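Subject: Structure handover

Hello,

Please find the structure below, with its sequence. My notes come after it.

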Amino acid sequence: MRRITRIATVGIASAALALSATACGGKKSSDAAASPSESGGQKSAAIAYDIGGRGDQSFNDAAYAGLKKAETDLKIKGAEAEPTDGEGEADKVQRLTELARKGNNPVIGVGFAYAPAIKKVAPKFPNTTFGIIDDTSVTGPNVANMVFNEEQGSYLAGVAAAKASKTGTVGFIGGVEVPLIKKFEAGFAQGVKDTNPNAKVLSAYLTQPPNFDGFAKPDLGKAAAQGQLDAGADVIYAAAGLAGSGAIEAASAKGKWAIGVDSDQYNQAGLAKYKDSILTSVTKDVSDSVFNLIKSVEDGKPATGEIRYGLDKDGVGLADSNPKYKEMADVIAAVEKAKADIIAKKITVKTAP
């Protein structure tokens, strides 16, 4: 069961206030954010989670880590809002509006699904900075687009998978077949093939838009991984949010390797029982992207426009927390060479399969 958003608990009262202000001929409350003094005096920042919510051991948890760091280092108050099952664009618009109205600055949408909502809400709060992770389609003078070269980190995962595989068959599982996740697939497959041209890459997507359950249901990831394992794969890389935990579970049950995504999943408490099977993880520095945007606002110089994180800035990478991975000298050497070649532009990584 997903958590109920904190914002939902005040949604009815806020809606009533908005209706009252409009009926009396006043300005809609959605047209202005509360000042720090009006919201209790303490500056605050907010994140609105993607499908799967906090506790996904991956993408959303990385964003949460950035917010917590800001609370500690910058002494701000953090606010969080969870998604609801089967929600539409109107729900996201309401969520972002409530977060901005309460005086949070910045307000960050975790995931590309927030793009249409931010396009509608950001112009109404010109003095509030809105951040969106994994999207560049919506722009504005108060919008920051935090994006990553996922294909580069995934290429390194492909190199590691090809070197670690004993069967010559590896698997990729995408949560939902959208352009963002196809970047993960493209980089991974290219890394595998550049390392071992004879290797076989099995690819599967859990759901198709507009069904986004492929980011939220571990049973779907588990079933897909079991199918690939039965077909001979001995390394499975899942870019599927919460659903990826099911793929990790399946690989662990068979004594095969799994590759995590977004966060260093070897160190995620919720995956502790499977950690020995998590060879490595493709990391995206979502945590720092959230923290850096909050800090830019606190410093009085709000970041806007495209902010890109790639291998050259350690914005993406490959985790080495598993001691077994650290013992694989040939794997590490191949990964480091590939990383250097990508940064030096000797290798251009594809963004589509």
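This is a predicted model: local features need pLDDT of at least 70, side-chain atom pairs count only at pLDDT 80 or more; totals for chains, interfaces and linings use all residues.

**Strands around E9**

Start with strand E9, residues 257-262. It is mostly covered, with 6 of its 6 residues buried. Strand E8 (residues 235-239) runs parallel to E9 and is joined to it by 3 bridges. In this pairing, Tyr-237 stands opposite Ile-259. Helix H8, residues 244-253, belongs to the right-handed β-α-β unit that E8, H8 and E9 make.

E9 is also joined to strand E10 (residues 278-284), by 5 bridges, and these two strands run parallel.

**Empty space**

Rolling a probe the size of a water molecule over the atoms shows where empty space is left.

The structure holds 1 cavity of 30 Å³ or more. The largest cavity has about 170 Å³ of space. Its lining has 18 residues, and those nearest its centre are Phe-59, Ile-181, Phe-215, Gly-241 and Asp-262. H6 gives the largest share, 3 residues. By type, the cavity lining divides into 11 nonpolar, 2 polar and 5 charged residues.

The largest pocket has about 460 Å³ of space. It is lined by 21 residues, and Ile-51, Thr-84, Gly-86, Glu-87 and Phe-212 are the closest to its centre. The pocket lining divides into 9 nonpolar, 5 polar and 7 charged residues.

**Backbone angles**

Most residues other than glycine have a negative phi, and most peptide bonds are trans. The following places depart from that.

- The peptide bond from Asn-105 to Pro-106 is cis, with omega near 5°. Pro-106 is in the loop between helix H3 (89-101) and strand E3 (107-109).
- Pro-209 and Pro-210 are joined by a cis peptide bond, with omega about 10°. The loop between strand E7 (200-207) and helix H7 (218-230) holds Pro-210.
- Gln-57 is not a glycine but has a positive phi of about 65°. It is found in the loop between strand E1 (44-48) and H2.
- Lys-345, also a residue other than glycine, has a positive phi near 65°. It is found in the segment after helix H11 (329-343).

Are Gln-57 and Lys-345 buried or exposed? Gln-57 has a relative accessible area of 15%, so it is buried. Lys-345 has a relative accessible area of 72%, so it is exposed.

Regards

Conventions:
Residues are numbered from 1 along each chain as its sequence is written. Side-chain values use heavy atoms; hydrogens and water are left out. Buried means under 20% relative accessible area, exposed over 50%, partly exposed in between (1.4 Å probe, protein chains only). Helices (H or I, at least four residues) and strands (E, at least two) are DSSP runs, numbered from the N terminus. Two strands pair if DSSP finds at least two bridges between them. A crossover is right-handed if, with the strands pointing away from the viewer, the path from the first strand over the helix to the second runs clockwise. On a 1 Å grid over the protein atoms alone, a cavity is a set of points where a 1.4 Å probe fits but cannot get out, and a pocket is an open set with protein on both sides within 12 Å along at least five of seven lines; lining residues have an atom within 4 Å of a point. Grid points are joined across faces, edges and corners, and a volume is the space filled by probe spheres set on the points. Ala, Val, Leu, Ile, Met, Phe, Trp, Tyr, Cys and Pro count as nonpolar, Asp, Glu, Lys and Arg as charged, and the others, Gly among them, as polar.
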